[in-house]
Amino acid sequence: MKRIYSKTLEPILFAIGFTVLLLFRAVGQSHHLYFKRKEILEQMFIAGVGSLFVVSIVSIFTGMILGLNTGLGLRDFGAEGQIGLLLTITLTREMSPFMTSLILAASVGSAMAAEIGTMKVSEEIDALEVMSISPIRYLVLPRIVGFSLMVPVLCVYSAALGILGGGIVGHFQLGIDMISYFQDVYYRISSVPGLKDLYVGLLKGYVFGLSISTISCSQGLRTEGGAIGVGQTTRKAVVTSFLMVIFSGYVLTALFYK
């Protein structure tokens, strides 16, 4: 039994330790941020502009689905006019960070892990170390910084589109006045609880982005076994990122909304 437990736990503990240490080593290279600004902007472009179309489509239809289902449920109580308030709370606090992070983990995070994993199996990482170039500074730092900065921005964009989609459905299918709808949205966002929802959503987006980028880079740097290993690395990066987003999302919600 002890051998079974050790074989099961040792790879998991090693992966956790390697990933946490990688994050600390990247933070230790933060004094090079100014010199890596071009690479950081490139990663921000890949994570932000490159994912804009998918995030837009998913956000609008998510808002429309939530608006329709929420409105139909509230109609039984004669309170369908409250969907603007409920959608603002749901999207800013939970759904937009969660949804945006999963999209980016599946698209950008997987590509990040595959790219670094390919460099690892083709010994390009070893070549960098031979030339006294730190892979952490050269590869990991720009990706972590650029990715984690763009996720909160996309969360705000996603929430705005989701609220817009909910308003369209509410107006054309539930007969809700658009002016009243957006007045409720503005009232919620400008209130103290609404600002807290927004700040918590931004914090979740940053934490999710930091987790996804670190996990993807960690999986890439630990790739072994050629092309098959790169495929396995990509799958593990996406699955681990999904699990981390779900776990950290629950922890942050429980921490700020007891």
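Biologist: Tyrosine 257 lies in the segment after H9. What makes something a helix here?

Modeller: Helices are DSSP runs of H or I with at least four residues, numbered from the N terminus. This is a predicted model, where local features need pLDDT of at least 70, side-chain atom pairs count only at pLDDT 80 or more, and totals for chains, interfaces and linings use all residues. Residues are numbered from 1 along each chain as its sequence is written, and side-chain values use heavy atoms, leaving out hydrogens and water.

Biologist: Why is tyrosine 257 called partly exposed?

Modeller: Buried means under 20% relative accessible area, exposed over 50%, and partly exposed in between (1.4 Å probe, protein chains only). Tyrosine 257 comes out at 23%, so it counts as partly exposed.

Biologist: And why does threonine 214 count as buried?

Modeller: Its relative accessibility is 3%, so threonine 214 gets that label. Threonine 214 sits in helix H8.

Biologist: What is tyrosine 257 in contact with, leaving aside its neighbours within four places in sequence?

Modeller: Contact means heavy atoms within 4.5 Å. On that basis, tyrosine 257 meets Arg93, Lys196, Asp197 and Val200.

Biologist: What makes the link between the side chains of tyrosine 257 and aspartate 197 a polar contact?

Modeller: The term needs a pair of N or O atoms within 3.5 Å; within protein, one must be able to donate a hydrogen and the other to accept it, and residues adjacent in sequence count only if both atoms are side-chain atoms. The two side chains make their polar contact at 2.6 Å.

Methods
Helix = DSSP H or I, 4+ residues; strand = E, 2+ residues; numbered from the N terminus.
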